[in-house]
Amino acid sequence: MIILGYNGFSRVAELFGRLYGHTPDSVDRYNLIGHDAAACLIVDGRLVAAVEEERLNREKKTSTFPAQAIRWCLDQAGLTFEDVDRFAFGWNHSDAYADAVVTGVAGSPESAEARLRTLTTFGELYLGALGRSALVEDFTRSTGYALPDEKLVTVPHHRAHLACGRLFSGATDAAFLINDGTAERDSAIMGEVRDGKVEVFDRFTIDAGNSIAQLFGSITRYLGFVPNNDEYKVMGLAGFGAAPAENPLLGEVVTLEEGGRYSLRLAHDRRGPRAYDALLDELFGGDDDIRHTFAYRVRLAAAAQQMVEEVTAHQLRALAEATDLRDLVFEGGLALNCVNNTKLLERTPFERVEVSFGASDPGVSIGAAAHVAFEEAEQLSAPTAPYTGPEYGAEDIREVLRRHESELVWEELPAGTVAGRTAELLSARKVVGWFQGRMEFGPRALGNRSILADPSHADMKDIINNRVKHREPFRPFAPIVLEEDAAKVFELGKKERSPYMTFVFPVRPEYTEKIAAATHVDATSRIQTVTRESNPLLARLLSEFTARTGVPCLVNTSFNVAGEPIVCSPEDAVACFLGTDIDHLVIGDFVVSKK
């Protein structure tokens, strides 16, 4: 069976702009439904291709229809639209969903005029983008292929997240927590997968109005960052301080309830994303003079981080009482909070917690296709690594370099020598843009489109933040390490590996100075473990660098600048290289420098 999974709407940005006032440059530009548009292709149970639309159209977190991603996936497999058996979409705004919205608005206490205005707006959005007929029209308009209605499968958003997590976890039976900003109507579900059957424990379901992830996004916005994009900055800030002894977010804003449930003080507040601003000022003493000072932001960030940790632990304690399964799949946007992931593993009864490289919304394209495969009893084989995107050959690279020969000089290395030469450059304190093989999928750079550096120099973090990434100085960098060396450098606890940068671990005291540029202020690191099977060339580079320096890690950050998608093509890589102070670009077997 051939299944194409996808996520994204061509008209959502236009409709949200006209109906709700969202503009392309507004702070809400990353908060549109369908953001992180992507496509994937599963052929006879094997994931053969997956790529995010932003990597191709160069619009970060784009919500547009993933036309380029779909075409690339089909081309990669040598298939046409007619060859596809099912088109799986990672949202299901069904008739039942529309009926519930209409009934809810009609029964609200607002005036008749207000209710009619709300229904008119919703109707235009539903008929123009969300409903099934709109999806078929969108596909046909965007691709030129007349999508047969019977081939379209709309997959509930949280079920798509779950299927993505199931695919990559390797667990046959597992409990699950999906906690996201919002799906069709809910923000969190929990349950278990047993003998291939999914059971959602409805008593644990949290509606969208009480979304803890949306509240964390509101705090992100309040702190001056971009919601649905910069939450990791808040997580990073939290490491610089401690939450107040009496955290006002717990109790005053979030109430933990019996049975793993919780509620928010301003749930369903119609003032929108700024509803919490005045309350946060009141609870934390914010005003125009101190609201954006570093100390104030750290205090609130630490409180927000503690809030997420307490709420999700509260959920998982209840889930652990409801199931005897001790493997947990955790997916959804909140699963990108890697500090929380480690604490959940260490502080709850679950023995194993898995978070995939597609945990946030890019993964729903994979998850939608995987969901259909699971439902059709297809035998799925998960890839051993996240490298599912475009790859470029030597002639593609050579052609781009020639176009920039007035600005660049390069050397093509003999086969098999690129790891050794790159290790030599890195050990000489050079910052290297590393572009190799197929592009990784998901929000993290996992070693094929990365900026690499020697972590033993404490000032390397500032050098990369200021000269290369052009981002806030408090932002930490992650280390990559051979899986066989990880336990000697980091305190892994229950974990043996962390291949997707979805967990954080304490750095052993004897290594905090040795990898100073990859150690956060709280002496932890968000690590990526690498094996010779998952990424042979990167593993060879780590071995060569360790042999030269005695340092068993490298700084690994995404090959981009702030606000841009990770580079995908050789042209993207050269443009980023020329626009920053990266010292060298190692692209395929070419070592490139600036004239």
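View 1. Glu82 is exposed, with a relative accessible area of 54%. Here exposed means over 50% relative accessible area, buried means under 20%, and partly exposed lies in between (1.4 Å probe, protein chains only). This is a predicted model: local features need pLDDT of at least 70, side-chain atom pairs count only at pLDDT 80 or more, and totals for chains, interfaces and linings use all residues. Residues are numbered from 1 along each chain as its sequence is written, and side-chain values use heavy atoms, with hydrogens and water left out. Glu82 sits in the loop between helix 3 (67-77) and strand 4 (86-89). Helices (H or I, at least four residues) and strands (E, at least two) are DSSP runs, numbered from the N terminus. Asp44, Glu82, Asp83, Asp85, Glu375 and Glu376 form a negative surface patch. Patch residues have over 30% relative accessible area and no salt bridge; like charges are joined within 9 Å, and nonpolar side chains (Val, Leu, Ile, Met, Phe, Trp, Tyr) within 5 Å. Asp and Glu count as negative, Lys and Arg as positive; His and the chain ends are not counted. A charge is placed at CG of Asp, CD of Glu, NZ of Lys or CZ of Arg.

**View 2. Phe294 and a nonpolar patch.** Phe240, Phe294 and Val521 form this surface patch. Together they have about 260 Å² of accessible area. Such areas come from the Shrake-Rupley method with a 1.4 Å probe; for residues, only the protein chains shown count as cover. Phe294 belongs to helix 12 (residues 294-322). Phe294 counts as partly exposed because its relative accessibility is 40%.

**View 3. Strand 2 and its two partners.** Strand 2 (residues 38-43) is mostly covered, with 6 of its 6 residues buried. Ala38, Cys40 and Ile42 point one way. Ala39, Leu41 and Val43 point the other way. Strand 1 (residues 2-7) runs antiparallel to strand 2, joined by 6 bridges. Two strands pair if DSSP finds at least two bridges between them. Ile2 stands opposite Val43. Strand 3 (residues 46-52) also pairs with strand 2 in the antiparallel sense, over 6 bridges. Cys40 faces Ala50 of strand 3. In the hairpin of strand 2 and strand 3, 2 residues lie between the strands, and Asp44 takes a positive phi near 50°.

View 4. Side chains of opposite charge can pair when their charged atoms come close. A salt bridge is a side-chain nitrogen of Lys or Arg within 4 Å of a carboxyl oxygen of Asp or Glu. By this rule the count comes to 34. Arg117 bridges to Glu113, with the closest N and O atoms 2.7 Å apart. Both lie in helix 5 (residues 112-130), 4 residues apart, about one turn of the helix. Arg117 is partly exposed at 49%. Glu113 is exposed at 54%.

View 5. Glu395 pairs with Arg398, the closest N and O atoms being 2.8 Å apart. About one helical turn separates Glu395 and Arg398, because they are 3 residues apart in helix 15 (residues 394-403). Glu395 is partly exposed at 43%, whereas Arg398 is buried at 18%. Arg403 forms a salt bridge with Glu399, at 3.3 Å between the closest N and O atoms.
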